[in-house]
Amino acid sequence: MLFAGLLGTPQGSGQLGRLRTPFLMCVKRFYILVLFSGLAASGVLPVSGMRVYTSGEVEAVNGTDVRPKCTFQSSSPITPATLTVSWSFRPLEPGREEPVFYYHERPYPPPEGRFHKRAAWAGDIMGRDASIVVREVKFTYNGTFSCQVKNPPDVHGNMGEVKLTVVTTASFSEIVILAVAIGGAIMLMVILLVIIMSIKRCLKKRQEEWLEELPRRERKDPTLW
């Protein structure tokens with residue numbers, strides 16, 4: 001009824017034309033979006049995107065070394081001459097974000113700041129590993145480390161983050177794991193020692209038996225007379 005009333009008058013026809021225009025534009029945009037999505041899914045239209053993966057949350061004992069892990073996947077071939085890795089740090093306490101490490105063809109440790117002579121390269125670009133090592137962590141290192149990788153033309157993507165918590169002593173789970181590892185190593189050594197001692201005892205017993213039987217064999221042998 002509404003469209004019939006609008007079509008019955010010149011003014012209504014103009015209003016209907018104005019309604020059609022936005023509708024047709026929306027249809028065209030939807031069609032273009034579906035077309036590009038289909039091309040991207042079929043591989044005709046390549047989709048760029050850098051994906052960065054990190055260890056998430058890491059706990060380290062005060063004074064020990066920690067390795068914030070950062071790996072990546074790129075839709076473009078790895079080009080060492082243009083690929084860059086940037087690490088930054090945002091402390092828990094109020095303060096500005098500061099650079100930690102930079103890599104471009106070779107490592108560039110921080111020349112100053114809290115991570116001077118504390119951050120070192122531990123990655124492998126061709127292995128898609130952009131990890132670093134932070135030596136002798138302090139409580140002031142509590143915060144979030146961010147890892148950004150760019151491999152032109154693949155320069156857009158997520159930034160990986162690693163939340164570091166520096167503690168006085170190892171957590172209970174880490175102590176348990178360490179105790180189990182040490183206990184397992186001791187148990188293995190004990191088992192090996194028991195096996196070695198058993199073999200030695202058997203060899204010694206066999207040698208004694210052979211020495212006891214030797215005189216009897218000599219007495220029974222007629223060629224000795």
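**Close-up views of a predicted model**

**View 1. Aromatic pairs across the structure.** The count comes to 7 aromatic pairs, where rings of Phe, Tyr and Trp (its six-membered ring) pair if their centres lie within 6.5 Å; planes under 30 degrees apart count as stacked, over 60 as edge-to-face and the rest as tilted. In one of these pairs, the planes of Y102 and Y108 stand at 45° and the ring centres are 6.1 Å apart, so the pair is tilted. Y102 is partly exposed at a relative accessible area of 35%. Y108 is partly exposed, with 35% relative accessibility. Buried means under 20% relative accessible area, exposed over 50%, and partly exposed in between (1.4 Å probe, protein chains only). This is a predicted model: local features need pLDDT of at least 70, side-chain atom pairs count only at pLDDT 80 or more, and totals for chains, interfaces and linings use all residues. Residues are numbered from 1 along each chain as its sequence is written, and side-chain values use heavy atoms, with hydrogens and water left out.

**View 2. The F115–F145 ring pair.** A pair of aromatic rings is described by the distance of the centres and the angle of the planes. F115 and F145 form an edge-to-face pair, 5.5 Å centre to centre with 65° between the planes. The pair links distant parts of the chain, 30 residues apart. F115 sits in the loop between β6 (106-108) and β7 (119-121), and F145 in strand β9 (residues 143-150). Helices (H or I, at least four residues) and strands (E, at least two) are DSSP runs, numbered from the N terminus. Both F115 and F145 are buried. Ring pairs also join F89, F115, Y141 and F145 into a cluster.

View 3. The whole structure holds 5 salt bridges (a side-chain nitrogen of Lys or Arg within 4 Å of a carboxyl oxygen of Asp or Glu). R135 bridges to D65, with the closest N and O atoms 3.6 Å apart. R135 is in the loop between β8 (132-134) and β9, D65 in the loop between β2 (56-61) and β3 (70-74), and the two are 70 residues apart. R135 is partly exposed at 38% relative accessibility. D65 is partly exposed too, with a relative accessible area of 45%. R67 forms a salt bridge with D129, where the closest N and O atoms are 2.9 Å apart. R67 belongs to the loop between β2 and β3, D129 to the loop between β7 and β8, 62 residues apart. At 37% relative accessibility, R67 is partly exposed. D129 is buried, at 14%.

View 4. The side chains of R90 and E161 meet in a salt bridge of 3.9 Å, N to O. R90 lies in strand β4 (residues 84-91) and E161 in strand β10 (residues 160-167), so the bridge ties together parts 71 residues apart in sequence. R90 is partly exposed at 34% relative accessibility. E161 is partly exposed at 39%. Elsewhere, salt bridges link E93, E98 and R114 in a network.

**View 5. The open sheet.** In this sheet, 6 strands run in the order β2-β10-β9-β4-β5-β6, with mixed pairing. Two strands pair if DSSP finds at least two bridges between them. β2 and β6 are the edge strands, each with a single partner, so one side of each has no neighbour in the sheet. The twist averages 20° from one strand to the next (axes are lines fitted to C-alpha atoms, for helices over the stretch in contact, and angles run from 0 to 180 degrees between N-to-C directions). β4 and β9 pair in the antiparallel sense over 8 bridges. T84 stands opposite K150 in β9.

**View 6. S146 and its surroundings.** S146 lies in strand β9. S146 is buried, at 2% relative accessibility. Not counting residues up to four places away in sequence, S146 touches S86, W87, S88, R90, E97, M159, G160 and E161. Contact means heavy atoms within 4.5 Å.

**View 7. Confidence along the chain.** The mean pLDDT of the chain is 78, and 70% of its residues reach 70 or more. pLDDT is the predictor's confidence in each residue, from 0 to 100. Confidence is highest in β8, at 97, and lowest in helix α1 (residues 2-7), at a mean of 42. Over residues 1-13 pLDDT stays under 50, and the model has 6 contacts beyond four places in sequence for them. Over residues 30-47 pLDDT also stays under 50, with 6 contacts beyond four places in sequence. Where pLDDT is low, the predicted coordinates should not be read in detail.
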